[in-house]
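Please work through each task before reading its solution.

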Amino acid sequence: MALVLAGGMVAGLVTALLPAERTGSAQVAVEETPPGDPSNTTRLAHQERITGDITPKSVVASSDGAVIANNMMYSHSSTLYDAESLELTATVSDTVDLAEFGYPDRAGETTGAPVEAVFSPDGAYAYVSQYSLKGPGEGAKATDDCANGERIGRSAVYRLDVAAGEWDQVIEVGRIPKFISLSPDGSIALVSNWCDSSVSVVDLAAGEEISEIPVDSAPRGSVILPDNRTAYVTAMYADELYRVDLTTGESELVLETGRKPRHLVLSPDASRMYLTVSGDDRLLELDTATGEVLREAPTGREPRTMAISSDGTALYIVNYYANTLSKVDTETLEEIQTVEVGQNPIGVTYEPTQGRVWVANYSGSLDVFDDTAPADGTMEP
């Protein structure tokens, strides 16, 4: 595949229609509901467990009332939900014909494997990484141990038109792309290429990879700072954290983290970032200016993905082997609450329009929690 992109062709098999209020092309993000009590003063209450033909590796909320789950190669789909009603609004197959997206040498049926997603700032698009592409020109089998090396085919990010429920772009990136982060101005995507020990910098207006920056083994989590230039990236199997300059392509080791650093989130003011160290069952708080560790705290067993409340006062951490979700007060780094979820929770997102927390359980479900009621003794423990 060449580093070019074409879009506009209808792809993805939509098995349910989106609600009427989401059928137009969104250009401006919907305002969030007025804030209630600070999130570190409220408690989680379970609302619903969503099942179906899903095996969610991740779940991500937009700014305007949509939620996407990405179901890997086990279900070969991304599923969209309405944040208010919790209803399934679309199921989009990961099967495309790459010839319809500017790759004529790969004509025919290709299947992906949706891993992670990030929404554009206005919520109109979701960019979804595909673990691998299987079809014409696919290359050797992709596996997490990267045993086939450079024989593994390069993969891609698909762009989903949320209102239409259809893929409308395919952007080539590296081998086994996993996490995606977006610059605050929405111009750049940063994609972690697990088996290339690198990150792809994607110009979203051009729809193409513009550079590939080396880091170290098994890059995973990332954040981009408000300057739209500086990023931090975890190298999960190297036990390292890197600072990356997206303009010059330079990367710098800033921290030896301990075993398996996985996920990063920024505080709303971007002065702090939080890092889960999965192999050591730890949470780190770091200074974004220096990468220095400011505080640390224990977590549940094997912390994976995190989310942060809109007001920045609470973190939500899924503990993969404990089958729990922990809520942590960012002012103290103390655990506020731990709740049981489904088997192997691996993804989590804070949905701002309803004040809810969604958890992706890899075994085949989504748990949804309300997080708006005050801690007055009437909530679930």
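A residue is called buried when its relative accessible area is under 20%, exposed when it is over 50%, and partly exposed in between. The structure shown is a predicted model.

**Exercise 1.** Determine in which order the four strands of the open sheet are arranged, and whether the pairing is parallel or antiparallel.

*Solution.* Step 1: the strand order is β3-β4-β5-β6, and the pairing is antiparallel. Step 2: β3 (58–61) and β6 (88–93) are the edge strands, since each of them pairs on one side only. Step 3: on average, neighbouring strands of this sheet are turned by 20° against each other, direction ignored.

**Exercise 2.** State how many bridges join β4 to β5, and which residue of β5 stands opposite N70.

*Solution.* Step 1: β4 covers residues 66–70 and β5 covers residues 77–82; the two strands run antiparallel and are joined by five bridges. Step 2: the residue opposite N70 is S78 in β5.

**Exercise 3.** Most residues other than glycine have a negative phi. Locate L86 and S197, and classify L86 and S197 as buried, partly exposed or exposed.

*Solution.* Step 1: L86 is not a glycine, yet its phi is positive, at about 70°. This residue lies in the loop between β5 and β6. Its relative accessible area is 8%, so L86 is buried. Step 2: S197, likewise not a glycine, has a positive phi of about 50°. S197 is located in the loop between β14 (188–193) and β15 (198–203). Its relative accessibility is 26%, and S197 therefore counts as partly exposed.

Definitions and conventions
Residues are numbered from 1 along each chain as its sequence is written. This is a predicted model: local features need pLDDT of at least 70, side-chain atom pairs count only at pLDDT 80 or more; totals for chains, interfaces and linings use all residues. Side-chain values use heavy atoms; hydrogens and water are left out. Two strands pair if DSSP finds at least two bridges between them. Axes are lines fitted to C-alpha atoms, for helices over the stretch in contact, and angles run from 0 to 180 degrees between N-to-C directions. Buried means under 20% relative accessible area, exposed over 50%, partly exposed in between (1.4 Å probe, protein chains only).
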